[in-house]
Amino acid sequence: MDKNKSHSIVILGVIMMFLILLVVFSMLLQPTYKKISSQNEELDRLKFQSGLLQKALDNKKEKGNLPEQEVQAALPLWDNTEQLVVSLKDIGQKTETKLTTVSFNVTDNNGIHTIIGSESPVYPNVKEVKVQAVVEGSYDGIRSWIVQMQKQERLIVIDSVRYSIPVGGLTSAEIAFTSYFDPSYGYLLENPVNPVAIEP
């Protein structure tokens, strides 16, 4: 009887160990599956953005059929943050939202290689303008703001959106996006648009 009892305890112990290992294993794998799923979604989004950027860059290479105004609107010759500010204000009026803060960080390189999955830098002449904006309004208004940003002529990639809890009925969102410019193709243009120097 004691043998049966000790045998039952061993079997029960083995079953308990198996269940514990199964729970631990599933707890470790579940975040991995979620991470893979979110990475696949991010990869699809980056491939789409890469296609948009590639189209704009391919257009500028064909001088004979170069749609100058469209290319310069999508990929200006300088950072053109002035136009970005004007666009942000216009979008705010259309969507009934308020731009509370905006900051720009202009870089001499780009992260396009991460979008297309390349380890080495690509399009070295293309520069980035990283923009951080805080927008207040209704949730629908902020969503509309983001949609309007993506419809701009200028090539813009939304990097992240972080909503905060509404205070006083207004939702606030920190929106990070990247726009691009390329000073290298001006010689291809018959009518290049350049920044206007402001006299002191």
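1. A residue is called partly exposed when its relative accessible area falls between buried, under 20%, and exposed, over 50%. Keep that in mind as you look around this predicted model. Y139 has a relative accessible area of 43%, so this tyrosine is partly exposed. Y163, with 32%, is partly exposed as well.

2. Searching the whole structure turns up one aromatic pair. The ring centres of Y139 and Y163 are 5.1 Å apart and the planes stand at 40°, so the pair is tilted. Distant parts of the chain are linked here: Y139 belongs to helix 5 (residues 139–150) and Y163 to strand 3 (residues 156–167), with the two 24 residues apart.

3. The largest nonpolar core contains 17 residues, and W145, M149, I175 and F177 have the most contacts inside it. Two or more residues of this core come from each of helix 3 (81–95), strand 2 (127–137), helix 5, strand 3 and strand 4 (170–181). Another core, of 14 residues, lies apart from it and includes I115, L155, V157 and Y180.

4. Leaving out residues up to four places away in sequence, I175 touches V131, Q132, A133, V135, I142, W145, I146, S160 and V161.

5. Finally, have a look at the surface. A nonpolar patch there is formed by I11, L12, I15, M16, F18, L19 and L22, which together have about 670 Å² of accessible area. L22 sits in helix 1 (residues 2–61). With a relative accessible area of 45%, L22 is partly exposed.

Notes. Residues numbered from 1 in each chain as written. Predicted model: local features only at pLDDT ≥ 70, side-chain atom pairs only at ≥ 80, totals over all residues. Heavy atoms only, no water. Phe/Tyr/Trp six-rings, centres within 6.5 Å; stacked < 30°, edge-to-face > 60°. Helix = DSSP H or I, 4+ residues; strand = E, 2+ residues; numbered from the N terminus. Buried < 20%, exposed > 50% of the residue type's maximum accessible area, 1.4 Å probe, protein only. Core = buried A, V, L, I, M, F, W, Y, C linked by side-chain atoms within 4.5 Å. Contact = heavy atoms within 4.5 Å. Patch = residues over 30% accessible without salt bridge, like charges linked within 9 Å, V, L, I, M, F, W, Y side chains within 5 Å. Areas by Shrake-Rupley, 256 points an atom, 1.4 Å probe, with all protein chains shown as cover. Salt bridge = Lys/Arg side-chain N within 4 Å of Asp/Glu carboxyl O.
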